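Here is a walk through a single structure, meant for someone who has not seen it before. Keep the sequence and the model in view while reading.

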Amino acid sequence: MNLPHRPPFLFLDKILDIEKEKRGAGIKCITANEPFTETLIIECMAQVSAVVFSKNASSLNKEDKKIGYLGSIRNMMFKRNILPGDQIIIEVSLIQKFGNLIKVHAKAHVKGELLAKGELTFSN
């Protein structure tokens, strides 16, 4: 993962799949001593999106790397509680790209059961 975040603000445990600038998936495993809220689920969605939609993420030149900014959260719904031991799969996919704006559909699920879904908009 090539994110500017470091623990304790790097919430993703692993990136599972990436189709650059189209879609991707990541994992977050919830431990027993970790207070995890709905807000942090949204942050995980944003972090997966950042990996999928980052420009020049593999570049070694620091000036090439751009930071994206979360602009809006829309239609976010939470369907179940987060429990210790849950392994959350986060999936994001491109809805629309317009100039520097990127709109994605994000969803999180645990064992096939929907945890949360909604839309995120970023600018970079």
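**Strands, helix and core**

Seven bridges hold β2 and β4 together, and the two strands run antiparallel. Within this pairing, Lys28 has Ile88 of β4 as its bridge partner. The model is a predicted one, and the positions described below should be read with that in mind.

β2 also pairs with β1 (residues 14–19), again antiparallel, through five bridges. Here Ile15 has Gly26 in β2 as its bridge partner. β1 and β2 form a hairpin with three residues between the strands, and Glu21 in this hairpin takes a positive phi near 60°. Strand β2 spans residues 23–29, and five of its seven residues are buried, so the rest of the structure largely encloses this strand.

The pairings above involve part of a longer series of elements. The chain contains one helix and six strands, and their order along the sequence is β-β-α-β-β-β-β.

The bridge partner of Ile73 in β6 is Leu120. β6 also pairs with β5, antiparallel and over 10 bridges. In that pairing Val104 stands opposite Leu120. β5 and β6 make a hairpin with two residues between them, and Lys111 in the turn has a positive phi of about 50°.

Which residues lie at the centre of the contacts in the largest nonpolar core? This core has 26 residues, and those that touch the most other members are Phe36, Ile41, Met45, Ile88, Ile90, Leu115 and Leu120. At least two residues of the core come from each of α1 (38–53), β4 (87–98), β5 (101–110) and β6 (113–123). The largest share, eight residues, comes from α1. In soluble globular proteins, nonpolar side chains tend to be buried together.

Apart from its neighbours within four places in sequence, Phe36 contacts Phe11, Lys28, Ile30, Ile41, Cys44, Ile82 and Ile88. Two of these, Ile41 and Ile88, are also among the core residues that touch the most other members. Another, Phe11, is buried, as is Phe36.

How many aromatic pairs are there? The count is one. Phe11 and Phe36 form this pair in an edge-to-face arrangement, with 6.1 Å from centre to centre and 80° between the planes. Phe11 belongs to the segment before β1 and Phe36 to the loop between β2 and α1, so the pair ties together parts 25 residues apart in sequence.

Charged side chains form contacts of another kind. Across the whole structure, nine salt bridges are found. One of them joins Glu34 and Lys28, with 2.8 Å from N to O.

Arg80 and Asp86 form another salt bridge, their closest N and O atoms being 3.1 Å apart. Both Arg80 and Asp86 are buried. In a further salt bridge, between Glu91 and Lys107, the closest N and O atoms are 3.6 Å apart. This pair links distant parts of the chain, with Glu91 in strand β4 and Lys107 in strand β5, 16 residues apart. Glu91 counts as partly exposed because its relative accessibility is 28%, and Lys107 is likewise partly exposed at 31%. Salt bridges also link Asp17, Glu19, Lys22 and Arg23 in a network.

Some figures describe the chain as a whole. Of its 124 residues, 36% are buried. Considering contacts between residues at least 6 apart in sequence, 63% join residues at least 24 apart. The accessible surface of the chain is about 7500 Å², and carbon and sulfur atoms account for 53% of this.

How values were computed: Residues numbered from 1 in each chain as written. Predicted model: local features only at pLDDT ≥ 70, side-chain atom pairs only at ≥ 80, totals over all residues. Heavy atoms only, no water. Core = buried A, V, L, I, M, F, W, Y, C linked by side-chain atoms within 4.5 Å. Buried < 20%, exposed > 50% of the residue type's maximum accessible area, 1.4 Å probe, protein only. Helix = DSSP H or I, 4+ residues; strand = E, 2+ residues; numbered from the N terminus. Contact = heavy atoms within 4.5 Å. Pairing = 2+ DSSP bridges. Phe/Tyr/Trp six-rings, centres within 6.5 Å; stacked < 30°, edge-to-face > 60°. Salt bridge = Lys/Arg side-chain N within 4 Å of Asp/Glu carboxyl O. Areas by Shrake-Rupley, 256 points an atom, 1.4 Å probe, with all protein chains shown as cover.
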